[in-house]
Amino acid sequence: MASDTFRNSRRIQVLNLAHNDLTEISYDTFRNMGDLRIVDLSFNYLRSIPDNLFIGDDMEKIDMSHNQLTKIPVSSLTNVAALTLCELDLSHNNIGTIHSMDLSNKFRVSSFYEFSPCAIS
């Protein structure tokens with residue numbers, strides 16, 4: 001997905017990119033989308049998520065389920081975005097191990113969705 005795809009889309013609050021066969025996403029894809037609250041990237045082929053992809057201070061829900069992620073994309077959210085996030089769905093990915101430090105140090109998320117079959121340590 002080109003980095004300027006949403007260049008003039010500042011007012012979008014909900015973005016559904018599910019089932020688009022995405023294999024990668026540029027770090028600045030959502031850079032100009034300051035009102036973005038809900039993003040659905042589910043059912044794609046994403047293997048990783050770039051650092052600081054989600055920068056908004058009103059981020060509520062991110063669905064990255066049914067991709068090919070191998071680790072929790074902790075650095076994909078800025079500290080501000082992580083504080084407002086309520087739901088993060090990473091289910092049905094290839095995440096092998098989840099370290100409790102990954103979750104507790106950055107996120108104040110109230111709902112994490114199933115990570116099985118991965119181990120939480």
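**View 1. The aromatic pairs of the predicted model.** The structure contains 2 aromatic pairs, where rings of Phe, Tyr and Trp (its six-membered ring) pair if their centres lie within 6.5 Å, and planes under 30 degrees apart count as stacked, over 60 as edge-to-face and the rest as tilted. Ring pairs join F6, F30 and F54 into a cluster. This is a predicted model, in which local features need pLDDT of at least 70 and side-chain atom pairs count only at pLDDT 80 or more, while totals for chains, interfaces and linings use all residues. Residues are numbered from 1 along each chain as its sequence is written, and side-chain values use heavy atoms, with hydrogens and water left out.

**View 2. The pair of F6 and F30.** The ring centres are 6.3 Å apart and the planes lie at 35°, so the pair of F6 and F30 is tilted. F6 belongs to the segment before strand 1 (14-16) and F30 to the loop between strand 1 and strand 2 (38-40), 24 residues apart; strands are DSSP runs of E, at least two residues long, numbered from the N terminus. Both F6 and F30 are buried, meaning under 20% relative accessible area (1.4 Å probe, protein chains only).

**View 3. The pair of F30 and F54.** With centres 5.7 Å apart and planes at 25°, the rings of F30 and F54 are stacked. F54 lies in the loop between strand 2 and strand 3 (61-63). F54 is buried, at a relative accessible area of 1%.

**View 4. The surroundings of T29.** T29 is located in the loop between strand 1 and strand 2. Leaving aside residues up to four places away in sequence, T29 touches M1, A2, S3, F6 and L53, contact being heavy atoms within 4.5 Å.

Methods:
Helices (H or I, at least four residues) and strands (E, at least two) are DSSP runs, numbered from the N terminus. Buried means under 20% relative accessible area, exposed over 50%, partly exposed in between (1.4 Å probe, protein chains only).
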